[in-house]
Amino acid sequence: MSTINRGRRAAVLGTLAALALGATACGSSGGDPLGGGSSASAAGGSGGTGGSGASGSTVVVGSANFPENVLLGSIYSQALRAKGVKVQEKFNIGSREVLYGQLQSGNLTVLPEYNGSLLAYLDAKSTAVTTQDVNAALTKTLPASLGILDSSPAEDKDSLSVTQETADKYGLKSISDLAAKAGEFTIGGPPEFKNRREQQLKDVYGLTFKEWKPTADTTANALKDGSIQVGNVFTTDPKIAQYKLVPLADPKNLFGAQNITPLVNKSGVDATATAALNAVSAKLDTAGLVTLMKRVSVDKEDPSTVAKDWLASNGLG
C-alpha cells in the first residue's frame, strides 16, 4: 500500500486538488498509508462491491503521495489493463482529503485504501477493530456512490516503533510501557500524525510526549540517528528490519485493521474491473508487500516494474 490533515481548510483543499490532479509521475514523498483523520460526515448509504454501466469507459486509478500507495495503484492499473479495461493513471496526488473528494466527484474511479484508516476518517468515533467489523461499518458509512471491494490479507498498520537499544534500555514491549517515559521522548511521524493521534494517545494510553516532529518518510532514519525516540513507522516499511527497529505491541487496539482495500466510485467499475481488483486482493499479503516495498524504497526500483513483476508471478499480468 498509504499519506491527510484534519485541520486543512476547504479552500486550501480545493487548490491542492486542482494542482495535484495534474501529477502523474510514479514518485513519492512522505510515508503515510492514509492514516486515520477526520472528515465532514459522509452521507449515509451502502458500500457495495462495484457498479454497472461502466463498460467501455476509462477507469481512472489514483494514488496518494507515498511509495507504497503508488506501487499499489500501479498494481491495480496493470491488473485492470490485463483484463482489457481502459485505464488512466493519476498517481502521487496527495492526501486523503483531496483523494476522497475526487473519488466522490468521479474524477477518480479507484483508489488503494486502508480500511481502518478510511473508517477513522469517516467516523472518528467508530470502535470497529477487526477486518470484518471495519468493513461492515464502512459499508454503512460510505455514501451510496462509493463502495469497497474485497479487502486483501495485506495490512500496512501504524506502529509506534523504537530502536532495539531504546527498547532494551527502558524495557519497552508495548505502547503502554511508554507511559513512564513519554514526557522525555520526542515522537516523529508524518506531518499529519500529531493532528490525528495526539489526543487518542492521551485518551487510550495516557501518553504526553515532550515534542512532536514532522519526520515524514525519514521517520525510520530519525529513529536510527536518535533525533527522535519514538516513531510512527508503518509495518510494511523494510527499514524496520534494516535498522532493527521494534514496533511496540498495541494491546488496546489503538491501531485497528488496516487491510489494503480498493475504494471505488461504483458508477465507474463494471464486473470485469471488479473481478480484476478482487483477484489482486486475493493474492496480496503482508509478507509479499514488504518484499515489494524493499525493491521500491530500498533498492529504488520503479514501482511500475515491481508491480508488473508481481502480477506476472501471480498469474494476473
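Buried residues are those under 20% relative accessible area and exposed residues those over 50%, with partly exposed in between; Glu198, with a relative accessible area of 22%, is therefore partly exposed. The model described here is a predicted one.

Glu198 takes part in a salt bridge with Lys194, the side chains meeting at 3.0 Å from N to O. Both residues belong to helix H7, which spans residues 193-205, and they are 4 residues apart, about one turn of the helix. Elsewhere in the chain, salt bridges with shared partners join Arg295, Glu301 and Asp309 into one network.

Side chains of opposite charge can pair when their charged atoms come close. In the whole structure, a search finds 9 salt bridges, including one in which the side chains of Arg96 and Glu113 meet at 2.8 Å, N to O. This pair links distant parts of the chain, since Arg96 is placed in helix H3 (residues 96-105) and Glu113 in strand E3 (residues 110-114), 17 residues apart. Arg96 and Glu113 are both buried. A further salt bridge is formed by the side chains of Lys181 and Glu184, with an N to O distance of 2.9 Å. Lys181 has a relative accessible area of 19% and is therefore buried, the limit being under 20%, whereas Glu184, at 46%, is partly exposed.

A pair of aromatic rings is described by the distance of the centres and the angle of the planes. The search of the whole structure finds 5 aromatic pairs, one of which is formed by Tyr170 and Phe185, an edge-to-face pair with 5.4 Å from centre to centre and 70 degrees between the planes. Because Tyr170 lies in helix H6 (residues 164-170) and Phe185 in the loop between H6 and strand E6 (186-189), this pair ties together parts that are 15 residues apart in sequence. Tyr170 is partly exposed, with a relative accessible area of 31%, while Phe185, with a relative accessible area of 3%, is buried. Phe209 and Trp212 are both buried, and together with Phe193 they form one aromatic cluster.

Backbone geometry was considered last. Most residues other than glycine have a negative phi. Against this background, Asn253 has a positive phi, near 55 degrees, and is located in the loop between strand E9 (245-247) and strand E10 (260-265). With a relative accessible area of 42%, Asn253 is partly exposed. A positive phi, near 60 degrees, is also found for Lys300, a residue in the loop between helix H11 (286-298) and helix H12 (303-313). Lys300 has a relative accessibility of 64% and therefore counts as exposed, the threshold being over 50%.

Terms used: Residues numbered from 1 in each chain as written. Predicted model: local features only at pLDDT ≥ 70, side-chain atom pairs only at ≥ 80, totals over all residues. Heavy atoms only, no water. Helix = DSSP H or I, 4+ residues; strand = E, 2+ residues; numbered from the N terminus. Buried < 20%, exposed > 50% of the residue type's maximum accessible area, 1.4 Å probe, protein only. Phe/Tyr/Trp six-rings, centres within 6.5 Å; stacked < 30°, edge-to-face > 60°. Salt bridge = Lys/Arg side-chain N within 4 Å of Asp/Glu carboxyl O.
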